[in-house]
Amino acid sequence: SNKWEIDPGELNLLEELGSGQFGVVRHGKLRRMDVAVKMMKEGTMSEDEFIEEAKVMTKLQHENLVQLYGVCSRQRPIYIVTEYLKYGSLLHYLRGKERTLITNSETLLDMCLQVCKGMAYLEEQKFIHRDLAARNCLVGSYNVIKVGDFGLARYVVDDEYTGSGGAKFPIKWAAPEVLNYMRFSSKSDVWAFGVLMWEVFTCGKMPYGRLKNAEVVDHVQQGRHLEKPRYCLPNVYDVMCLCWTESAEQRPSFRDLRQNISRIFQEE
Ligand SMILES: Cn1cc(-c2ccnc(-n3ncc4cc(C(C)(C)C)cc(F)c4c3=O)c2CO)cc(Nc2ccncn2)c1=O
């Protein structure tokens, strides 16, 4: 049965939550459940390919992943219906709470561990995110953090985003093998996770500050990487640096990182 097909008549659209890569996203109700509804702007997405993949993505279920509930694909624009998290993007949340969060390394490390658990599940399912960053994670009640928009990068129709020379390509989160060969893997997601950890421990600073994309490429290719954030413990910074191991094979897996980060909690 095509249970991933949602009847738009059952959706009750509420306030706008923002506009992402594909157009406007609104808060809504599906029966009595809170949902987020992406209303896909025409021409921004390879829709037929996505609708095919949606069947697989609805099966990815984990408490640290934003659940895809289904699609309304018998209309244009198509709707993508997901779980709703009431505090929005992790990047926005960090920047808004810097004063209370910046010295609370336990809370910050717990946020990283939750992202790591969601990513370890995707890794186990052989599913690559391709754009892991604090802006693409969401915050729910009780400091719950969930990874969002996993895999959607494959369906973006925008050369500025898809080509590594494009203005929207996430250069600052890209591993060397992605910069050089566009070779995406769970290990390139691990590199991005290291940058996400740095974003968390700086409460949402822009990685590499004002460096231009071309300067960041040089920086990374010279084997240099992000400095230790001011309030970040050395053993936490060591985990970030492991994620930035030049060779993808030698980088830890999310499974390794999950054990590594959990162990830091036991030490504290
Ligand atoms: C599930 N969800 C999504 C959003 C929300 C809103 C606007 N844009 C987005 N974004 N953000 C990022 C994004 C990124 C992509 C890539 C392909 C990876 C580049 C593709 C997208 F389609 C989106 C998208 O739709 C989101 C993220 O999908 C906001 C929520 N919540 C709140 C709550 C309060 N205030 C604001 N948002 C929420 O619960």
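**Exercise 1. Ligand contacts**

Task: Find how far an oxygen atom of the ligand is from an N or O atom in the side chain of Asp-149.

Solution. Start with Asp-149. An N or O atom in its side chain is 2.8 Å from an oxygen atom of the ligand. A polar contact is a pair of N or O atoms within 3.5 Å; within protein, one must be able to donate a hydrogen and the other to accept it, and residues adjacent in sequence count only if both atoms are side-chain atoms. This is a predicted model: local features need pLDDT of at least 70, side-chain atom pairs count only at pLDDT 80 or more, and totals for chains, interfaces and linings use all residues. Residues are numbered from 1 along each chain as its sequence is written, and side-chain values use heavy atoms, with hydrogens and water left out.

Next, take Lys-38. One of its polar side-chain atoms lies 2.7 Å from a ligand oxygen. Then take Leu-85. Here a polar backbone atom is 2.7 Å from an oxygen atom of the ligand.

Last, the cover. On its own the ligand has 750 Å² of accessible area, and the protein covers 85% of that (Shrake-Rupley method, 1.4 Å probe; for residues, only the protein chains shown count as cover).

**Exercise 2. The shell around the ligand**

Task: State which element gives the most to the shell around the ligand, and how the shell residues divide into nonpolar, polar and charged.

Solution. The ligand has 22 residues around it (a heavy atom within 4 Å). Phe-22, Lys-38, Glu-83, Leu-85 and Asp-149 come nearest. Two or more residues each come from strands S1 (11–20), S3 (33–39) and S5 (79–83). S1 gives the most, with three residues. Helices (H or I, at least four residues) and strands (E, at least two) are DSSP runs, numbered from the N terminus.

By type, the shell holds eleven nonpolar, six polar and five charged residues. Ala, Val, Leu, Ile, Met, Phe, Trp, Tyr, Cys and Pro count as nonpolar, Asp, Glu, Lys and Arg as charged, and the others, Gly among them, as polar.

**Exercise 3. Salt bridges**

Task: Count the salt bridges. Then decide whether Arg-251 is buried or exposed.

Solution. The rule: a side-chain nitrogen of Lys or Arg within 4 Å of a carboxyl oxygen of Asp or Glu. The count is twelve.

Take Arg-251 and Glu-177. Their side chains meet at 2.8 Å, N to O. This pair links distant parts of the chain, 74 residues apart: Arg-251 sits in the loop between helix H9 (234–243) and helix H10 (254–267), Glu-177 in helix H6 (residues 176–181). Arg-251 is buried, at 2% relative accessible area. Glu-177 is buried too, at 7%. Buried means under 20% relative accessible area, exposed over 50%, partly exposed in between (1.4 Å probe, protein chains only).

Now Glu-52 and Lys-55. Their closest N and O atoms are 3.1 Å apart. Both lie in helix H1 (residues 47–57), three residues apart, so about one helical turn separates them. Glu-52 is partly exposed at 48%, and Lys-55 at 24%.

Asp-34 and Lys-29 form another salt bridge, at 3.1 Å, N to O. Glu-47, Asp-48 and Arg-76 are linked in a network.

**Exercise 4. Two residues**

At 10%, Tyr-208 counts as buried.
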